[in-house]
Amino acid sequence: MKIDPIHQFNIEPLFTLGHIGNHTIAFTNSSLYMFIAVLLIALLMVASGRDLVPGRLQSVAEISYEFVASTIRGNAGAEGMKFFPLIFSLFMFICVSNLVGVVPYTFTIATHLIVTAALALLVFFTVLIYGLYKNGLKFFKIFVPSGVPIYILPLVMFIEILSFFLRPVSHSVRLFANMLAGHIALKVFAGFVAMLGFSLGALGWVGGVLPLALTVALYALELLVAFLQAYVFAILTCIYLNDAIHPGH
Amino acid sequence: MAESHGEAKGQKAGAHTEAEGGHHGGAFPPFDSSNYASQLVSLAIAFVALYLIVSRIALPRVGGTIDARQNKIEGDLAEAQKLKDESDAALKAYETELANARSNAQAIGNETREKLNAASEAERKALEDKLAAKLADAEKQIATTRTNAMSNVRGIAADAAGAIVQQLAGVTPDANAVNSAVDASLKG
C-alpha cells in the first residue's frame, strides 16, 4: 500500500458553471466545502435560539461573538468594531472550514494558497484603502516610527515599507503552510499504521501501535492548530487594521 | 486549459501537467494554477454570502440577544437595589420610630419621677417647717419659763436677804438696797 499524502489536496470539479475568458469555472469539492462552512456558520449563528438562558449551541454562538468582539477591542480599539462583520466572517470561515477539514476524508479549503492569499489580500486592501480614506497622507506615518534618529530613519523606513508589503505573504502563507503541513503529517503517520499492518502481518500490527498513538496525538494538535490559525489570522487582521485606524503608532 | 496554464505559470509544475485530473505525477494541487479561477469565484461567492449573512442577520441577532440579556440583568439588579433601598428605608423608619418611642418613654418617666420628687420634697419641707415651728415654740416656752423662774429666784433671794438682815440686825432694810444688792450678787 502506497502512502499518497498529496491526494487529499486534489481539486475535483463536480460540475462546470461556465467560462470566464479561457478559464473554466467549475463547482469543485473546494467550493462545496466553502459553502458547507458558510452553511454551518449560518446555522450556528442564526438558528441557535435567542433564549435568556442560552443552551449549548446558543452559548457557542455567543462565545464566538464575544470572543471576536473582545479580540477586536483589545487589538484595534473601539473604532475597530466597524470591521466586526469582516473579522467575524474571516475568523469563523477559517475556523469552521479548518475544523471540518480535520474530519477524515474531508477537504480543507485553507490548504490552497490561492484561498488564503485571496483572504490575506482582502485584508491588505481593506487596510490600505480604509487607511488612506480615513487618514489621507497621514496614513504613511506608519512607515515612520517616532523617536528614531534621523540617520537611521531611511533604513527603518525601508524595512517598515518592505514589511508592510510582505504582510499579505506572511499572513496567507502562515495559514496555508500550517494546514498543509499538518494534514500531510497526519496522513503520513496514519499511513504508516496501515502500511505496517499490510506488509508485516501480526508483527506489523504490534509495530503499528506507535504511529497510531502519534496519529492520535497529532490529531489533537491539528484540532488546536485549526482553531489557533483562525485566531492568529483574525488577530493579525485586527493589528493591521489598527494601523489603518491609528497610523501614528 | 490545464496544460496552457501550467506551462505559462509555473516552471515548478511545468513538467508534469500533461496528466489532467491524474493524482500521480500531476502538479502539486495547491500550486496548480488551473484551479485558481474556480476557487476564486467560489470563494468570492461564499465569502460575500457569509459576510452578508453575518453582517445583516447573525451579528445583529446574537448581539441583540446578548444586549437584551445584559439589559435584563441590569434591570433586575436595579430592581433589587431599589427593593433593598426601600427595605433599608423601612428599617431606618422603624429604628427612628423606636428611638422616638424610647426617648418619649424616658421623658415621661423622668417627668413623673421629677414630679414625685418635687411632691415628696414639698411634703418634707412642710413637715420640717412644722417641726421647726414646734421647736421654736418649745424653745420660747422654755425661755419664758426660765425667765419666770429667774425672776422668782430674785424675788425669793431678796425676801430671804431682807429676812436674814432683819434677823441679824433687827432692822428692816431698805427694799431698794436689798434688791440692788441681790442683782449685784446675781450678776456675780
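This is a predicted model: local features need pLDDT of at least 70, side-chain atom pairs count only at pLDDT 80 or more; totals for chains, interfaces and linings use all residues.
## Chain B

Chain B is built from 4 helices and has 0 strands. Of the 188 residues in chain B, 13% are buried. Among the contacts within chain B that join residues at least 6 apart in sequence, 26% link residues at least 24 apart.

## Contact between the chains

On the chain B side, 32 residues are in contact with 41 residues of chain A. The chain B residues that touch chain A divide into 21 nonpolar, 8 polar and 3 charged.

## Largest nonpolar core

The largest nonpolar core has 53 residues. The members that touch the most other members are Ile41(A), Ile87(A), Leu90(A), Phe91(A), Phe93(A), Ile94(A) and Ala234(A). Two or more residues come from each of α1 (29-46), α2 (56-76), α3 (84-102), α4 (113-135), α5 (153-200) and α7 (209-245) of chain A, and also from α3 (36-169) of chain B. The largest contribution is that of α3(A), which gives 10 residues.

Leaving aside residues up to four places away in sequence, Ile87(A) touches Val68(A), Ile72(A), Ala234(A), Thr237(A) and Cys238(A). Of these neighbours, Ala234(A) is also listed among the core members that touch the most others.

## Second core

A separate nonpolar core consists of 5 residues, among them Leu186(A), Phe189(A), Ala190(A) and Leu196(A).

Key:
Residues are numbered from 1 along each chain as its sequence is written. Chains are lettered from A and ligands numbered from 1 in the order in which they are written. A residue is buried if 20 or more other C-beta atoms lie within 10 Å of its own, exposed if 12 or fewer, and partly exposed in between; C-beta atoms are placed from the backbone. Two residues are in contact if their C-beta atoms, placed from the backbone, lie within 7 Å. Ala, Val, Leu, Ile, Met, Phe, Trp, Tyr, Cys and Pro count as nonpolar, Asp, Glu, Lys and Arg as charged, and the others, Gly among them, as polar. A nonpolar core is a set of buried Ala, Val, Leu, Ile, Met, Phe, Trp, Tyr and Cys residues joined through C-beta atoms within 7 Å.
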